[in-house]
Amino acid sequence: MASALEDPNLEHNFKGHKDVVTSVDFNPNNKQLATTSIDKCLMIWNLKPQTRAYRFTGHKDAVMSVHFSPSGHLVASASRDKTVRLWTPNVKGTSTTFTAHSAVVRGVNFSCDGNFLVTASDDKSIKVWNTHQQRFLLSFKGHNNWVRSARFSPDGRLVVSCSDDRTVKIWDTVSRECINTFTDYRGFANFVDFNPSGTCIASAGTDNTVKLWDIRINKLLQHYQVHSASVNCLSFHPSGNYLITASSDCTLKIMDLLEGRLLYTLHGHQGPVLAVTFSRHGEYFASGGSDSQVLVWKTNFDSIPYNKVLKSLSVRTNPDPAPHITDIHPRIPHLHTSGPQLIQSKATESHSPSLVTNQVNSCLDPSHRVSSHAMDPASGDPGVTSTLEDHTGIPPTLASTLGHIVEQLDVLTQTVSILEQRLTMTEDKLQECLDNQQTVQQVTSS
C-alpha cells in the first residue's frame, strides 16, 4: 500500500449506449473497454489512443454480461436471447454463437488460460465451454432458481456461482460436483467472485451487504453494510487489498480489506450502478449504470506499481497456495448467521467530507465526486491522510509486530486445516476397519 493515499479521479465519461449499461470489462492491454447494455449492443471503446468506438450488433435481446479473454484477442458476451457470443474486438467485429442454455444467460467468464468459458443462466444451470473447439463441455446443476453469476477461480480448478435460491456454491471442474454451499436467508447474491489468490470469495447481496468468506476454513471473514440499497456488482483490486462495489443507491464504494473499513464513496452516476470492474493491473476502474453512462476512473490510491505491491505484500495477501478441493470442509450446506465485523456507513451529509471535483475535462458533470472516509484517529472526524502512522494510528514498529503476528496466524490456520484433513482421513480409515471387522464376524457366525 502506498504510504500516502490519493483520491481516485474521473478520466473518461463515455456516452453511446441508448439504455441501461449492464456490464463492463477492460482488455488486459488497457487499450480497450467493453460494455454491454439493455439496448442489445456490445460496444468496444478505444482508450489508447482514444478513438471512435466499435458498436457490435447481433444479439436479439438485452446483453447482460461481457468478459475479455486473457490474451485480449476475444471478448465474450451473454444475452437474454439465450445465447453466448465470441467476438473479435476489432473493426470487423465477427462473432461465433454458442447455444445450449434454454433461458436468459446472465453471466460469462473466461478461465485464466483462456481455454474455457463459464456461463450462468436462468435455466438454473452453469455451463462450461471449450473456446478453441467452440463447443459445450459440461453442465453444473444444483441450484433451484436463476443463476446470477459464475466465475472461475484464478487457477481454473473451481467455479463459484450464486443464485436466487439464496445460495453460493463452489464446484469442482474435475469431479463436476458441488463441493460446498453457503446459504443466507436474508437475501440472494447478485454477483460473486474469487479474490486474486483464490483463497476467498466475495458476494454482492440484495440485502445491501457485501460478504467475504475464506473457503479454506469456511469462515465468514468480513461483512460490510455500507450501502443503502442492493449491491449489484463487485471487483477485487489485483493486489487483493481493495474491493470496489456498485449499488442501486447510485454510488460506488471502495473498501480497504487489510484494515476492514470503508475507504471511499464515489458519486457520478445519476441512477443505480449495475457494473464495476478494475483493470487487470489495477490502474483504472470502470462503472456503468441505469443512466446509460460509462465512467472510467484512475485509481491513484494505490500508486505503487502492481509488481511491487505483490512483492511487498505477498506474505500477507497470499501466504498459502490456491486451495485444493480436499482442503474445503465441511461439504454440506451451512449458515453464516453472524459475522466477525459489521462496518456501517455513515451519512455523507453528517460528516461534510471534502469533495474532489474532477477537472480532467470540462464536459464532465461536476456532480462526479469522491468522498473520502479516512478517519483521524485522534478526533474521529474525516480527514486527509499523509503517512501510514497518521492513516492507521499505529506506530511503524507496532505495525511490523502486528504483521508478524498475522503471518503466524496464517500459518496456524493452515496447520489447523491440515490437521482437520488428517483427522477426517483417520476417521474414514477407522470406520473402514470397523466395517471390515463386522463383516468378518458375520461371516464367521454364519
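The questions and answers that follow begin with the whole chain and then turn to particular sites.

This is a predicted model, in which local features need pLDDT of at least 70, side-chain atom pairs count only at pLDDT 80 or more, and totals for chains, interfaces and linings use all residues. Residues are numbered from 1 along each chain as its sequence is written, and side-chain values use heavy atoms, with hydrogens and water left out.

Q: How many helices and strands does the chain have?
A: Helices (H or I, at least four residues) and strands (E, at least two) are DSSP runs, numbered from the N terminus. Counted in this way, the secondary structure comes to four helices and 32 strands.

Q: What percentage of the residues in the chain is buried?
A: A residue is buried under 20% relative accessible area, exposed over 50%, and partly exposed in between (1.4 Å probe, protein chains only). Of the 446 residues in the chain, the buried share is 52%.

Q: Which element gives the largest share of the lining of the largest cavity?
A: A cavity is a set of points on a 1 Å grid over the protein atoms alone where a 1.4 Å probe fits but cannot get out, and lining residues have an atom within 4 Å of a point. The largest cavity is lined by 16 residues, with Asp-184, Gly-187, Phe-188, Ala-189 and Ser-203 nearest its centre. Two or more lining residues come from each of the strands E16 (167–172), E17 (178–183), E19 (200–205) and E20 (210–214). The largest share, three residues, comes from E19.

Q: Is Ser-247 buried or exposed?
A: Ser-247 is found in strand E23 (residues 242–247). Contact means heavy atoms within 4.5 Å; not counting residues up to four places away in sequence, Ser-247 touches His-227, Ala-229, Ser-230, Val-231, Asn-232, Pro-272 and Val-273. Because its relative accessible area is 0%, Ser-247 is classed as buried.

Q: Which residue has the backbone oxygen that the side chain of Ser-247 reaches at 3.3 Å?
A: A polar contact is a pair of N or O atoms within 3.5 Å; within protein, one must be able to donate a hydrogen and the other to accept it, and residues adjacent in sequence count only if both atoms are side-chain atoms. At 3.3 Å, the side chain of Ser-247 reaches the backbone oxygen of Ala-229.

Q: Is His-73 buried or exposed?
A: His-73 lies in the loop between strand E6 (63–68) and strand E7 (75–79). Apart from residues up to four places away in sequence, His-73 touches Trp-87, Thr-88 and Pro-89. Because its relative accessible area is 59%, His-73 is exposed.

Conventions:
On a 1 Å grid over the protein atoms alone, a cavity is a set of points where a 1.4 Å probe fits but cannot get out, and a pocket is an open set with protein on both sides within 12 Å along at least five of seven lines; lining residues have an atom within 4 Å of a point.
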